[in-house]
Amino acid sequence: MAGCGESGDGAGGAWQASVVKYRRGAGRLAYGAARAPGPLARRDGLSVLGRTGEVRCVDSSGRVLWTAACSGVPNAAHISGGRVLVTTDSLDYTPWGHLGPALLLDLADGAPVAELRGASGAVLSGGRFFLGLEGYDVFDTWEYDRDGALVDSWRSYGHYVTGTGIRVVETDRNLPTGSRVVRLLPGGAVERGPALTDPLCPEPLVLADGTILVLDAGVLRAVDRRLGHSVLAELLPVDPDQTWRCRGGLRRSGDRLTVTLAKEHRDRPGKQVVHTWTLALRPGPAAV
């Protein structure tokens with residue numbers, strides 16, 4: 001069932017993986033990743049917290065520094081350059097589902113700076129942020145400055161990976177998918193990397209050297225900073241037109257990687273088999 005090795009252009013071969021344990025059983029994976037309890041974001045002794053109807057900032061002693069009202073439920077926060085960007089879920093169902101406003105606040109006192117629209121964000125330096133949205137012919141990422149002014153935009157959306165530039169594991173939710181791992185360049189340019197099979201890959205893992213691990217339709221891929229890519233393991237390859245029946249996840253602990261893939265039965269809707277692999281992750285020859 002599982003094959004390990006390398007393919008692709010070879011440039012992503014700084015890592016290798018081998019299966020050390022496998023199990024399967026009936027079960028279900030929850031839709032979406034459950035957010036761990038605690039602050040939405042931390043920076044320099046400050047923590048940003050959220051609950052229905054409000055955003056709060058507290059210091060290291062737990063003292064509340066400010067509270068800002070919001071119309072929904074905060075789900076994520078990003079801090080940069082004295083600003084905090086907070087994405088929210090709406091309490092009411094709208095044409096955009098439960099998408100709520102994205103609030104750009106002053107980190108010093110919680111004063112509103114701008115109200116924006118987007119489902120997920122990423123932080124850049126100097127009070128700049130990325131904000132993205134997908135659906136209804138929208139498949140876009142926007143860059144905003146600390147005053148909420150639009151700086152740049154790209155036709156791309158998905159899981160954002162920041163560091164040396166910004167890469168995106170795209171999630172277009174289309175069959176057949178046009179999703180890729182890409183890099184966003186100034187002026188709205190998009191550098192195209194490896195094509196993906198799954199239109200909705202789960203959140204990737206990022207290793208210390210910047211390599212992205214992507215679970216793509218039952219195949220574990222590695223993509224480096226230059227968008228070079230390799231296949232670390234073909235665990236349970238899924239046909240492109242059957243990806244809608246599968247959901248997966250990645251988790252790392254030390255040099256061990258846990259990959260989970262839930263696959264719905266073809267003839268038993270609602271019934272799933274959950275496959276779980278434990279892999280040993282180690283640097284490859286290119287990293288030595």
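Colleague: In which strand of this predicted model is Val64 found?

Modeller: The model is a predicted one. The strand in question covers residues 64–69, and Val64 is found in it. The element that holds Val64 is strand β6.

Colleague: Does Val64 count as buried, partly exposed or exposed, and why?

Modeller: Buried means under 20% relative accessible area, and exposed means over 50%. Val64 has a relative accessibility of 42%. Because this value lies in between, Val64 counts as partly exposed.

Colleague: Leaving aside its neighbours within four places in sequence, with which residues is Val64 in contact?

Modeller: Contact requires heavy atoms within 4.5 Å. With neighbours within four places in sequence left aside, the residues in contact with Val64 are Cys57 and Val58.

Colleague: What separates the C-alpha atoms of Val64 and Ser47?

Modeller: Along the chain, Val64 and Ser47 are 17 residues apart.

Colleague: How many charged residues are in the lining of the largest cavity, and which residue is charged?

Modeller: The largest cavity holds about 30 Å³ of space. Its lining consists of Leu85, Leu104, Leu116, Phe129, Leu131, Tyr144 and Asp145. By class, six of these are nonpolar and none is polar.

Colleague: Which elements give two or more residues to the lining of the second largest pocket?

Modeller: The second largest pocket has a volume of about 190 Å³, and 13 residues line it. The elements that give two or more residues to this lining are β15 (150–154), β16 (158–163), β17 (165–170) and β18 (180–185).

Methods. Residues are numbered from 1 along each chain as its sequence is written. This is a predicted model: local features need pLDDT of at least 70, side-chain atom pairs count only at pLDDT 80 or more; totals for chains, interfaces and linings use all residues. Side-chain values use heavy atoms; hydrogens and water are left out. Helices (H or I, at least four residues) and strands (E, at least two) are DSSP runs, numbered from the N terminus. Buried means under 20% relative accessible area, exposed over 50%, partly exposed in between (1.4 Å probe, protein chains only). On a 1 Å grid over the protein atoms alone, a cavity is a set of points where a 1.4 Å probe fits but cannot get out, and a pocket is an open set with protein on both sides within 12 Å along at least five of seven lines; lining residues have an atom within 4 Å of a point. Grid points are joined across faces, edges and corners, and a volume is the space filled by probe spheres set on the points. Ala, Val, Leu, Ile, Met, Phe, Trp, Tyr, Cys and Pro count as nonpolar, Asp, Glu, Lys and Arg as charged, and the others, Gly among them, as polar.
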